[in-house]
Amino acid sequence: KDAKAAPLTKEEVGRATWMLLHTIAAQFPDEPTRQQKRDVKELMHIISRLYPCKECADHFKEVLKANPVQAGSQAEFSQWLCYVHNVVNRSLGKPIFPCQRVTARWDPEYGNIELNGRRLKE
Ligand code: FAD
């Protein structure tokens with residue numbers, strides 16, 4: 001049955017991707033190792049090359065060129081990610097997300113993360 005499930009829409013892939021990225025950012029170490037910094041930078045560049053929507057990938061390459069990945073700490077990476085997500089939001093006419101709220105929105109320790117439409121920690 002699952003094999004016949006409809007493929008995802010562009011919106012669903014986008015939402016799932018941002019969810020993964022913001023969740024990674026929320027749990028990124030305060031003092032990342034050189035390897036961890038390299039890994040998130042590579043992850044963002046790989047997404048900009050392999051993202052399964054060509055116009056999105058091409059646009060995101062330009063966004064990364066103008067805004068090099070900042071991953072010196074958890075706070076720096078999550079703020080950077082919020083900023084570039086807002087660049088994409090703006091280009092799509094979506095509301096700008098207030099970046100001072102990223103922890104409240106995405107940090108599972110904070111207790112506010114929503115998965116499958118429900119809160120993980122009440
Ligand atoms: P999404 O933008 O998917 O956001 C999901 C949730 O994240 C929101 O409900 C909100 O709670 C939270 N959020 C929103 N903004 C922020 C922020 N700045 N920081 C933290 N949390 C936030 N679609 C296109 O049509 N054209 C494109 O060129 C395009 N480029 C994309 C590039 C990338 C790298 C990615 C991952 C996606 C791209 N998309 C693009 C998809 C698009 O960004 C959305 O994911 C999709 O339109 C669904 O939008 P949404 O309203 O569900 O919210």
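For helix packing I take axes as lines fitted to C-alpha atoms, over the stretch in contact, with angles from 0 to 180 degrees between N-to-C directions.

**Entry: ground rules.** I am working on a predicted model, where local features need pLDDT of at least 70, side-chain atom pairs count only at pLDDT 80 or more, and totals for chains, interfaces and linings use all residues. Residues are numbered from 1 along each chain as its sequence is written.

**Entry: helix 2 against helix 3.** I looked up how these two pack. The angle is about 145 degrees and the axes lie 7 Å apart. Helix 2 makes the contact through M44, H45, S48 and R49, and helix 3 through A57, F60, K61 and L64. Contact here is C-beta atoms, placed from the backbone, within 7 Å. These residues divide into four nonpolar, two polar and two charged. My classes: Ala, Val, Leu, Ile, Met, Phe, Trp, Tyr, Cys and Pro are nonpolar, Asp, Glu, Lys and Arg are charged, and the others, Gly among them, are polar.

**Entry: overall layout.** I found five helices and two strands. Along the sequence the pattern is α-α-α-α-α-β-β. Helices (H or I, at least four residues) and strands (E, at least two) are DSSP runs, numbered from the N terminus. Of the protein's 122 residues, 14% count as buried. Buried needs 20 or more other C-beta atoms within 10 Å of the residue's own, exposed means 12 or fewer, partly exposed is in between, and C-beta atoms are placed from the backbone. I also checked contacts between residues at least 6 apart in sequence: 48% join residues at least 24 apart.

**Entry: helix 4.** G93 follows helix 4, with a positive phi near 75 degrees.

I then took two residues from helix 4. N89 lies in this helix. N89 counts as partly exposed because it has 15 C-beta neighbours inside 10 Å. Beyond four places in sequence, N89 touches K94, P95, I96 and F97. Y83 is also placed in helix 4. Y83 has 14 other C-beta atoms within 10 Å, so it is partly exposed. Leaving aside neighbours within four places, Y83 contacts N67 and C99. Y83 and N67 are 16 residues apart in sequence and 9.0 Å apart, C-alpha to C-alpha.

**Entry: the core.** I looked for nonpolar cores, meaning sets of buried Ala, Val, Leu, Ile, Met, Phe, Trp, Tyr and Cys residues joined through C-beta atoms within 7 Å. The largest has 13 residues, and A25, F28, V40, F77, L81 and W106 have the most contacts inside it. Helix 1, helix 2, helix 4 and helix 5 each give two or more residues to this core. Helix 4 gives the largest share, four residues. F28, leaving aside neighbours within four places, is in contact with V40, Q74, F77 and S78.

**Entry: the ligand.** Which residues come nearest to the ligand? G14, C56, C82, H85 and F97 do, out of 23 around it. Near means a C-beta atom, placed from the backbone, within 6 Å. Helix 1 (10-26), helix 3 (54-66), helix 4 (74-91) and helix 5 (102-106) each supply at least two residues of this shell. Helix 1 gives the most, seven residues. I count the shell as ten nonpolar, seven polar and six charged.
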